[in-house]
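Subject: Structure handover

Hello,

Here is the structure you are taking over. Please open it alongside this email, and my notes follow below.

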Amino acid sequence: MTTNRNDKCWCGSGLKYKKCHMDFDEKYNEMAAKGHIMPPKSLIKNKEQIEAIKESGKINTGVLDEVAKHIKAGMSTADIDKIVYDYTIAHGATPAPLGYGGFPKSVCTSINSEVCHGIPDENIILKEGDIVNVDVSTIKDGYFSDASRMFKIGKVSEAADKITDVAKECLEAGIKAVKPWGHLGDIGAAVQEVAEKNGYSVVRAFGGHGIGLEFHEDPFVAHVGKKNQGMVLVPGMVFTIEPMINEGEYDVYVDDVNEWTVYTADDSLSAQWEHQILVTEDGIEIITR
């Protein structure tokens with residue numbers, strides 16, 4: 001179906017097509033004709049949606065800032081969960097993990113060899129030398145945001161210090177690789193290069209994801225890959241980059257009791273940082289900065 005210049009744009013912005021996505025469609029169709037993998041247009045957010053996602057992101061960032069003020073040795077991961085829940089609710093939002101697929105808490109807290117999806121518990125006490133990932137996701141007015149940070153508890157070992165810092169470098173490299181009309185594979189290639197250069201491996205079983213109108217949308221964002229391959233990254237796409245970096249092998253397993261917590265298969269350390277990214281016409285914006 002052809003959209004006329006003066007029709008309302010397909011994105012739902014309410015603007016005329018010629019003022020909104022007409023130039024975009026020319027580029028999109030040109031790349032599609034060359035055989036590139038193009039995202040379905042349902043993944044492309046309009047300006048109103050983007051602004052609402054950003055409002056969710058502000059609260060999500062505020063939650064992590066609040067955790068950073070209080071996290072310390074001697075507190076339980078349930079204490080972190082309470083901070084997250086209380087701050088989120090006080091700001092008119094909802095913790096996205098709570099009840100998601102049966103997840104029982106408001107945040108994921110993953111310590112040392114836990115890769116992701118650690119469940120807060122009053123009996124899990126942070127101790128000097130731990131490294132812990134706090135993964136926060138927020139729903140505000142039906143719009144989703146998601147980011148995580150690593151925290152070093154007191155003085156940590158040289159190994160724990162290094163993997164935490166390199167995991168952040170991996171995230172930064174992945175973000176730097178995002179270009180409008182670039183490819184998903186650019187992200188994975190950049191992350192993989194930094195990780196492997198430092199002697200680490202990149203988890204394959206989990207990755208980033210589209211987000212905004214739902215908690216998890218397409219595309220899956222792999223943190224390994226090859227440049228110039230995979231889906232094209234177009235303006236209006238919103239997704240997370242969240243590399244999980246292992247000290248040993250990239251293999252992982254899921255706790256067979258709680259069916260959530262993911263561990264390194266060889267009990268080595270793991271670290272992860274995460275941001276939510278918006279692809280713009282001239283670059284990117286980090287929604288959860």
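**The S13–S14 pair and its sheet**

Strands S13 and S14 pair in the antiparallel sense, over three bridges. Two strands count as paired if DSSP finds at least two bridges between them. Helices (H or I, at least four residues) and strands (E, at least two) are DSSP runs, numbered from the N terminus. Please note that this is a predicted model: local features need pLDDT of at least 70, side-chain atom pairs count only at pLDDT 80 or more, and totals for chains, interfaces and linings use all residues. Residues are numbered from 1 along each chain as its sequence is written, and side-chain values use heavy atoms, with hydrogens and water left out.

S13 and S14 belong to an open sheet of three strands, in the order S3-S14-S13, with antiparallel pairing. Strand S3 (114-116) and S13 stand at the edges with a single partner strand each, so one side of each has no neighbour in the sheet. Neighbouring strands here are turned by 40 degrees against each other on average, direction ignored. Axes are lines fitted to C-alpha atoms, for helices over the stretch in contact, and angles run from 0 to 180 degrees between N-to-C directions.

Within this sheet, Tyr253 stands opposite Tyr263 in S14. We will meet both again.

**Aromatic pairs**

How many aromatic pairs are there? Rings of Phe, Tyr and Trp (its six-membered ring) pair if their centres lie within 6.5 Å; planes under 30 degrees apart count as stacked, over 60 as edge-to-face and the rest as tilted. By this rule the count is seven.

One of them joins Phe103 and Trp260 edge-to-face, at 5.0 Å centre to centre and 85 degrees between the planes. Phe103 lies in the loop between strand S1 (94-95) and strand S2 (108-111), and Trp260 in the loop between strand S13 (252-254) and strand S14 (262-264), so the pair ties together parts that are 157 residues apart in sequence. Phe103 is buried, at 3% relative accessible area. Trp260 is partly exposed, at 22%. The cut-offs: buried is under 20% relative accessible area, exposed is over 50%, and partly exposed is in between (1.4 Å probe, protein chains only).

Tyr253 and Tyr263 also form an aromatic pair, and it is stacked: 5.3 Å centre to centre, 20 degrees between the planes. Tyr253 sits in strand S13 and Tyr263 in strand S14, ten residues apart. Tyr253 is partly exposed at 42% relative accessibility. Tyr263 is buried at 17%.

Trp10, Phe24, Tyr28 and Trp181 form one aromatic cluster.

**Charges over rings**

Lys41 lies over the face of Tyr28, 5.0 Å from the ring centre. The charged end of Lys168 sits over the ring of Trp273, 4.9 Å from its centre. The test is NZ of Lys or CZ of Arg within 6 Å of the ring centre and within 35 degrees of the ring normal.

Is strand S4 (residues 131-140) largely enclosed or open? Nine of its ten residues are buried, so S4 is largely enclosed by the rest of the structure.

S4 pairs with S1 in the antiparallel sense over two bridges, and Pro95 stands opposite Thr138 in S4. S2 and S4 also run antiparallel, joined by four bridges. There, Thr109 stands opposite Val134 in S4. Strand S5 (residues 143-152) pairs with S4 over ten bridges, again antiparallel. In that pairing Val132 stands opposite Phe151 in S5.

**Backbone details**

Most residues other than glycine have a negative phi, and most peptide bonds are trans. Asp141 is not a glycine, yet it has a positive phi of about 55 degrees. Asp141 lies in the loop between S4 and S5, a hairpin with two residues between the strands. Asp141 is exposed, at 62% relative accessible area.

Trp181 also has a positive phi, of about 70 degrees, and is not a glycine. Trp181 lies in the loop between helix H4 (158-176) and strand S6 (182-183).

A cis peptide bond joins Asp218 and Pro219, with omega about 0 degrees. Pro219 is in strand S9 (residues 217-221).

That is the handover.

Best wishes
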